[in-house]
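Welcome! Take a look at it, then read on.

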Amino acid sequence: MVSIKPIRDLIIIVNQRTEIMKRIFLILIGILIALTMNAQDAKAILQKVDDNMSSRNRVFESTMTIHGKRSSRTITSRSYAEGEKQSFTEYLSPARDQGTKMLKLKDQLWIYSPASDRTIQISGHLLRQSVMGSDLSYEDMMEDRKLTDVYGVKIVGVETIEGRKTTILELIAVLDDVAYYKRKMWIDAERFIPLKEELYAKGGQLLKRTTLTDVKQLQGRWFPTTIVYKDMLKEGKGTEFKITGIKFDQELPAYIFTKAALKK
Amino acid sequence: MIRFIFKGLLRDRQRSLLPVLVVSTGVFLTVLMTGWLTGIFKDMIDVNADFTTGHVRVMTQAYAQNETQLPNDLAILGADDLTAELEKQYPEMEWVNRIRFGGLLDIPDSLGETRAQGQAVGIAVDLLNPQSKESERMNILRSIVQGKMPDNKGEALISEDFAVRFKVQVGDKVTLFGNTMNGAMMFSNFIVAGTVRFGVAMLDRGAVIIDLSDARNILDMQDASGEILGFSHAGYYDDEQAALIKSSFNETFTKADDEFSPVMLRLRDQNGLDEYLKLADSMSFIMILVFVIAMSIVLWNTGLLGGLRRYTEYGIRLALGEEKSHIYSTTMMEAVLIGIMGSIVGTVFGLALCGYLQTYGIDFGRVLDNSSMMMPQKFRAYITPRLFYIGFIPGTLAMVLGNALAGFAIYKRKTARLFKELEV
């Protein structure tokens with residue numbers, strides 16, 4: 001007579017293993033769902049940031065205070081920006097810079113100087129040069145694309161900054177032609193605007209740090225009106241960029257975004 | 001006796017030809033390499049001194065720390081007063097103001113828009129003052145390939161390579177674009193007075209030379225200067241003199257708690273030139289040592305072969321009653337004579353090739369195209385009085401040493417066995 005005990009034991013072992021496999025499978029599914037949800041949450045947050053920070057067009061006046069080692073200087077300017085591809089800036093003061101104009105069309109940048117009556121195009125690696133000795137490069141000024149178009153994103157933590165709860169996002173570039181391969185952004189959890197940002201090179205070196213403050217509600221959106229840029233490779237106290245007035249979605253004359261406007 | 005030995009050497013060429021060839025080759029290489037390396041180091045130090053470091057250089061401490069970035073925002077303020085003070089306190093040197101700046105040289109088309117552009121290294125020197133020695137010091141006049149020296153404000157010299165690459169002609173308008181001392185945008189138009197090629201890759205890539213007063217205007221640097229350079233009136237770098245002036249100046253002017261206070265550096269404190277100066281000083285010794293060791297080994301071997309060949313001769317001389325020490329000393333005298341003959345031949349050929357290399361040099365331009373060091377593209381030799389005698393040291397020493405080692409075989413000969421050996 002054949003004993004059924006070994007068969008019963010075998011069935012028990014198989015059942016146990018199946019149970020373990022099920023659990024592993026469920027854990028993996030859980031991780032996958034969590035990751036997907038994280039990515040979806042992160043992407044949704046970034047989309048809201050883009051919604052706040054981008055607009056069809058905008059006109060703003062600003063001051064840029066550059067803190068040098070010996071002294072500080074403040075430059076005022078008026079800028080017009082349409083979408084992601086066109087912008088025009090006219091420097092209003094000080095006298096040395098008055099009348100200097102800057103035009104960005106897609107990935108090209110021209111600067112016009114009334115003193116020399118010359119229009120100079122800045123391109124290639126020269127875009128990485130500092131603008132007027134500030135902590136901003138021409139590349140920084142030109143980068144207007146929506147973050148969701150350029151970066152993949154995930155949530156890496158939470159933190160409280162100046163009493164405001166923030167979600168920390170890590171952005172990794174999905175395109176090659178970006179100024180910064182990696183960004184770390186501290187996003188206000190309620191207002192969906194960045195309060196702090198760190199910009200990294202592909203090698204992992206921290207290149208710039210920005211702090212965004214004076215968040216105001218303007219035409220139904222939250223917007224930071226003071227940004228302090230600090231080039232981490234440079235000594236100094238950084239550059240303070242303050243928006244003194246801003247209007248979104250205005251009717252802009254088309255000629256503003258032409259080279260002819262530079263000499264007007 | 002010497003005449004006798006000398007005649008012996010001339011008549012028995014097998015005794016002298018190979019050693020003379022070995023010695024002259026070694027001496028030739030010693031003289032050539034010493035002369036060539038002396039020339040390379042001298043040119044390198046001269047280029048650095050004339051274009052960048054001076055024999056001494058005064059900058060603010062903050063500027064000195066970031067010097068490679070040409071940080072004119074940290075330049076010396078009150079430069080005219082400081083220069084006057086330097087002239088008063090250290091009259092043994094000539095003091096000159098210089099401004100170096102980075103920027104973009106932009107070439108317009110007929111509509112005034114960018115046709116071509118490249119990065120420029122601007123050097124502002126006192127060009128328009130007829131008493132200034134700056135153009136002579138930087139060899140500007142002889143480096144002009146097309147056009148002429150600027151003789152008016154608003155004129156510039158640009159690198160010939162840049163002009164060729166971007167098709168810029170003498171008389172064309174070019175625009176310098178950069179930042180002023182205060183960080184404002186600087187756009188300034190210049191007329192190209194001429195093009196220059198210094199034979200220094202770093203400058204020939206994109207140098208722009210303008211007058212100091214123009215630079216002060218466009219960079220908002222009135223009464224300011226990036227650097228004040230001191231050049232010894234003697235015309236050459238004297239390390240002791242530089243060290244004394246540096247120490248005296250820094251004691252008086254440099255303040256530890258003020259990064260904008262001036263600091264003086266000697267030539268050898270800058271651009272890693274200390275290592276090169278040390279190397280230049282020890283180069284002759286290294287050359288002599290290498291060739292003495294190498295040639296001694298070869299000549300020892302030659303001496304041993306000669307000893308075998310002259311085995312019978314030494315045997316007969318010993319049999320005739322000549323002292324072993326006398327045979328040894330005559331061998332040494334032969335060695336000295338061969339050493340001197342070889343040294344004369346080697347020195348003559350070495351000096352001849354050095355003379356050629358001093359005039360024409362060897363162009364390493366392609367190798368140095370991307371070099372960021374201030375180095376001449378042509379490596380030239382430099383004939384110094386030392387080259388006339390330096391070859392005699394390894395030449396004679398190696399020959400004597402080689403023969404001295406080989407000559408010990410004489411003392412191993414057994415007089416009792418001589419006749420048996422001579423029968424063979």
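This is a predicted model: local features need pLDDT of at least 70, side-chain atom pairs count only at pLDDT 80 or more; totals for chains, interfaces and linings use all residues.

**Chain B on its own**

- Chain B contains 16 helices and 14 strands.
- Its C-alpha atoms fill a box of roughly 105 × 50 × 30 Å along the principal axes.
- The radius of gyration of chain B is 31 Å, whereas a compact globule of 424 residues would have one near 22 Å.

**Chain A on its own**

- Chain A has three helices and 13 strands.
- The C-alpha trace of chain A spans about 110 × 40 × 40 Å along its principal axes.
- For chain A the radius of gyration is 26 Å, while a compact globule of 264 residues would come out near 18 Å.
- Among contacts in chain A between residues at least 6 apart in sequence, 45% link residues at least 24 apart.

**Where the two chains meet**

- On the chain B side, 33 residues are in contact with 27 residues of chain A.
- The residues of chain B that lose the most area to chain A are B:E113, B:M185 and B:F187, which together make up 27% of what that side buries.
- Between them, chain B and chain A bury about 2,300 Å², and 48% of this is on carbon and sulfur atoms.
- The interface of chain B and chain A holds four salt bridges.
- A salt bridge also joins the side chains of A:R118 and B:D106, with an N to O distance of 2.4 Å.
- Five elements of chain B each supply at least two residues of the side that touches chain A: β3 (93–108), β4 (114–125), β7 (173–179), β8 (185–196) and α9 (212–218).
- Of the side of chain B that touches chain A, β3(B) gives the largest share, with four residues.
- Sorted by class, that side of chain B has 15 nonpolar, 13 polar and five charged residues.

**Salt bridges within chain A**

- A:D177 and A:R145 form a salt bridge, their closest N and O atoms lying 3.2 Å apart.
- This pair ties together parts that are 32 residues apart in sequence, because A:D177 lies in the loop between β8 (164–173) and β9 (182–188) of chain A, and A:R145 in the loop between α2 (138–142) and α3 (147–150) of chain A.
- A:D177 is exposed, at 53% relative accessibility, and A:R145 is partly exposed, at 26%.
- Another salt bridge pairs A:R164 with A:E190, and here the closest N and O atoms are 3.2 Å apart.
- A:R164 sits in strand β8 of chain A and A:E190 in the loop between β9 and β10 (194–200) of chain A, so the pair links distant parts of the chain, 26 residues apart.- A:R164 counts as partly exposed, at 24% relative accessibility, whereas A:E190 is exposed, with a relative accessible area of 63%.

**Salt bridges within chain B**

- The side chains of B:R57 and B:E227 meet in a salt bridge, with 3.1 Å from N to O.
- B:R57 lies in strand β1 (residues 56–60) of chain B and B:E227 in strand β11 (residues 227–232) of chain B, so this pair ties together parts that are 170 residues apart in sequence.
- Are these two partners buried or exposed? B:R57 is buried, with a relative accessible area of 0%, and B:E227 is buried too, at 1% relative accessibility.
- Salt bridges that share partners also join B:E94, B:R98, B:K133, B:E134 and B:R137 into one network.

Terms used: Residues are numbered from 1 along each chain as its sequence is written. Chains are lettered from A and ligands numbered from 1 in the order in which they are written. Side-chain values use heavy atoms; hydrogens and water are left out. Contact means heavy atoms within 4.5 Å. Buried area is the accessible area (1.4 Å probe) that two parts lose on being put together, summed over both. Ala, Val, Leu, Ile, Met, Phe, Trp, Tyr, Cys and Pro count as nonpolar, Asp, Glu, Lys and Arg as charged, and the others, Gly among them, as polar. The radius of gyration is taken over C-alpha atoms; the globule rule is 2.2 Å times the number of residues to the power 0.38. Buried means under 20% relative accessible area, exposed over 50%, partly exposed in between (1.4 Å probe, protein chains only).
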